[in-house]
Amino acid sequence: MNILSAEGISKSYSEKILFNDIWLGIGEEDKIGLIGINGTGKSTLLKVLAGLEQPDTGRVIKANNVRVGYLEQTPNFETGTTVLQQVFTGHSPVMELLREYEYVIKRCQAAPEDKQLEKRLLEMMQKMDNMSAWTMESEAKTILTRLGISNYDTDVAELSGGQRKRIAMAGALINPTELLIMDEPTNHIDNDSVDWLEKYLNTRKGALLMVTHDRYFLERVANRIIELDNGKLYSYQANYSKFLEMKAEREEMEQASERKRQSLLRSELEWIRRGAQARSTKQKARIERFEKLQETEAPKQEDNVEIQVGSSRLGRKIIELENIDKSFGDKVLIKDFSYILLRDDRIGIVGPNGIGKSTLLRIITGEIKPDKGNVEIGETVKIGFFTQENTGMDQNLRVIEYIRQVAEHIETKKGSLSASQMLERFLFPLGVQWTPIAKLSGGEKRRLYLLSILMSAPNILLLDEPTNDLDIQTLTILESYLDEFPGAVITVSHDRYFLDRIAERIFSFEGDGFINKYAGNYTAYREAYYEEAALKEQAGRNSGKPENKKQASQSVEKNNQSKERPLKFTFKEQKEFEEIDNKVADKESEIEKNKIGIDQASSDYTLLQELLEKQQRLEEELEYLMERWTYLYELAEKIEKSKNKD
C-alpha cells in the first residue's frame, strides 16, 4: 500500500526543467535512496514530496493520517531556543507538551523562588506522566548524545552549522512519522555517528526517503534506489550494488532500442528519397511512421566529469611535522605529533567532530601556527587545499569569471584547454557558465570549487570533507583522478567508501591530543582499532586480583601442578607442530592472491565487498595460526631444554 503518491508532477525554474511528468509511489516499508548529479533537482523533489513546495503540474497525495517528517540539507533555527526545545519541534500533542515542559524548566531555573512556576511545573510533570512523554525525552537525549551533542540547554545560535544539522536530525528522528524524508543526513557527522545512524534507520519502523552520496550507507540501508536523470525518474527495487547492475542493463537496452530506431529511420529515409507517393492509405501510414521515428528523442548519454588537469613538479623534500602541539584554551587537540610526508602518501584522517582534524590540515598549510614544534615545507611544494567552506567563492561572480581568476588555460596530458572547456568537462555547459554562482545548487558550488583547486595545478592535495554535497558520479571520477595524482593526498572524511577506496594509511584522532597511525584503508583501521580495544579490555581483566583467598590458593595449586607435569607434546600438538609451517605459508600466499583480486576489483562494488570480507577472514585465520606457531615453537624449546636437563 502506498502511503504517498506523486502523480505526473513537474517543476521548472526559469528555463531549466528539473523534472517532468514524474510518477512515484512510496510504500510503508520502502527505504529509498534518491541519487543523481548535483543540480538535477533532488532537493527540490524532496521538498515537493514533503509539501514544502508546490509542483508546477500534477499532484502529491498522502494516505489518511500519514505524517511526513523532513530533514533539510541546511536547517534554519529560531534564535533564543535551546537544543532540546529545537529538537521538540512539530505539531503533535506530545511534541507541544515536551516543548512547553522544556520552556517551564528553563523559567524555573531562572526564577527558583517563583511559586506559580513551581505549580505549573508540577502540572506539566503530571501531563508528561499521562502522555508517557518521559520515554521520548530520554530517547531524544540518547540520540543527541550519539550524535555528539551533550549540552541540551545551549542556545542553538551559539552552535556551528554541523552541530545544528545534528540537532535537526535528532528532531527528525524523534518525531513520530510514517514517512521520514532526509536531505544528506550523513553530512557533517563523524564515522561513528554514521555507523549508529545506519543501524538506527535499519530498525526504525516506517518509510524512508533520503538523498545521500554515501555509497556504503545506500548499500546497507536502502532497499530501493530512484535516480533523477535528465528530468526523468527511474526506479530500481534494489540496494546500491544491485542498482548499478540494473542501471547498466537498462542503458544497454535503451542503446539497443536506439540502434534499432536508427536502422528503421535509414530504411524509411531511403524509401522517402526514392519518391514515395502519398496516394494510398498504406503509403500515408508509412510516411507518418517515418515522421514519428524522426520525432522520437534518443536516450541521452550520461555526462561524465573528466579530470585531466596537470600538477607542478615536486622536489625531494616535501612536508615534515616535528613534535607538533596545539591547544585552544584548556582543550588539547594535538600533542607531540610528528610525521614526514612521502611523495605518494594517501592518508585518511578520522575522529569525532571538533577533535582537531581540520586544525591539523590548517597547521600544514600555515594558516594556523602550532603552539610547539616545527612545520617544514619543501620549496617546490604547491598545496591545493579543498576546505569545507568553499573559501573565497564570490557569490556575485559568474561561473566562468570565477574559474578565469584561477587560470585562463590549463595544460593537460592531452594538450591545452580553456577555462570554458574545463567547465564543460566538469558538467557546466555553455548555457550555465554565465550563471551567477549564487544561483547554483550547493552541490554545483562544491563541484565548481573543486575544479578551481585542481586547476591551480597543486602537487600536494589536502581535502577537508570532499564528499560533502558532491554527487556519486563526481566522487567516482575524483577517486580515479586521485589514483593517478603524482603527489601526496591527505583527506579528512567521514565517507567510509571513499576512505576505503583512497587511503593507504589512517591517522586516528583518539582524544587528549593523541593521534594514532594505522596502515591500510578505513576497513583495516576499524579492524585494528577494535582488536586493540579488545586486547586492552582482556589485559585489564587479566591484571585483576583474585576475588578471594580460595581462588588464589586454587590458582597457585594449578600452577604448581602444571610445573610438575613432564613437558611433552600431545599427539595432536605433535601433528600440528609438523604441519604449522606449511599452513602459515599457504595462508600468507592466499592473502597475497586475495589482495591482487581486491586491487583488480576496485570498480566492481559487489565483488570488492566479498573480497574485503574474505580478506578479513583470511587475516584472522593467519593471526590464529601465528599464535599457534608461537606457542608450539616455544613449547618445543622448553621440551628440548627439559630433556637436556634430564
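So, is Glu 532 buried, partly exposed or exposed? Glu 532 counts as partly exposed, because its relative accessibility is 31%, and here buried means under 20% relative accessible area, exposed means over 50%, and partly exposed is in between, with a 1.4 Å probe and protein chains only.

Quick housekeeping. This is a predicted model, where local features need pLDDT of at least 70, side-chain atom pairs count only at pLDDT 80 or more, and totals for chains, interfaces and linings use all residues. Residues are numbered from 1 along each chain as its sequence is written, and side-chain values use heavy atoms, with hydrogens and water left out.

Back to Glu 532, then. It sits in helix 17, and it belongs to a negative surface patch together with Glu 531, Glu 619, Glu 620, Glu 623 and Glu 627. By patch I mean residues with over 30% relative accessible area and no salt bridge, with like charges joined within 9 Å. A salt bridge would be a side-chain nitrogen of Lys or Arg within 4 Å of a carboxyl oxygen of Asp or Glu. For Glu, the charge is placed at CD. Two elements give two or more residues to the negative patch: helix 17 (522-542) and helix 20 (605-645). Helix 20 gives the most, with 4 residues. Helices here are DSSP runs of H or I with at least four residues, strands are runs of E with at least two, and both are numbered from the N terminus.

Now let's go to the strands. Strand 1 (residues 2-13) runs antiparallel to strand 2 (residues 16-27), and 8 bridges join them. Two strands pair if DSSP finds at least two bridges between them. In this pair, Ser 12 stands opposite Ile 17. The two strands make a hairpin with 2 residues between them, and Ser 14 in that turn has a positive phi of about 55 degrees. Strand 1 is also joined to strand 4 (residues 57-62), antiparallel again, by 5 bridges; there, Ser 5 faces Ile 61.

Last topic: backbone angles. Most residues other than glycine have a negative phi. Where do we find Asp 21? Asp 21 lies in strand 2, and its phi is positive, about 55 degrees, although it is not a glycine. Asp 21 is partly exposed, at 47% relative accessible area. Then there's Leu 427, also not a glycine, with a positive phi of about 65 degrees. You'll find Leu 427 in the loop between helix 13 (419-425) and helix 14 (442-455). Leu 427 counts as buried, because its relative accessibility is 15%.

Conventions. Patch = residues over 30% accessible without salt bridge, like charges linked within 9 Å, V, L, I, M, F, W, Y side chains within 5 Å. Areas by Shrake-Rupley, 256 points an atom, 1.4 Å probe, with all protein chains shown as cover. Lys, Arg positive; Asp, Glu negative; His and termini not counted.
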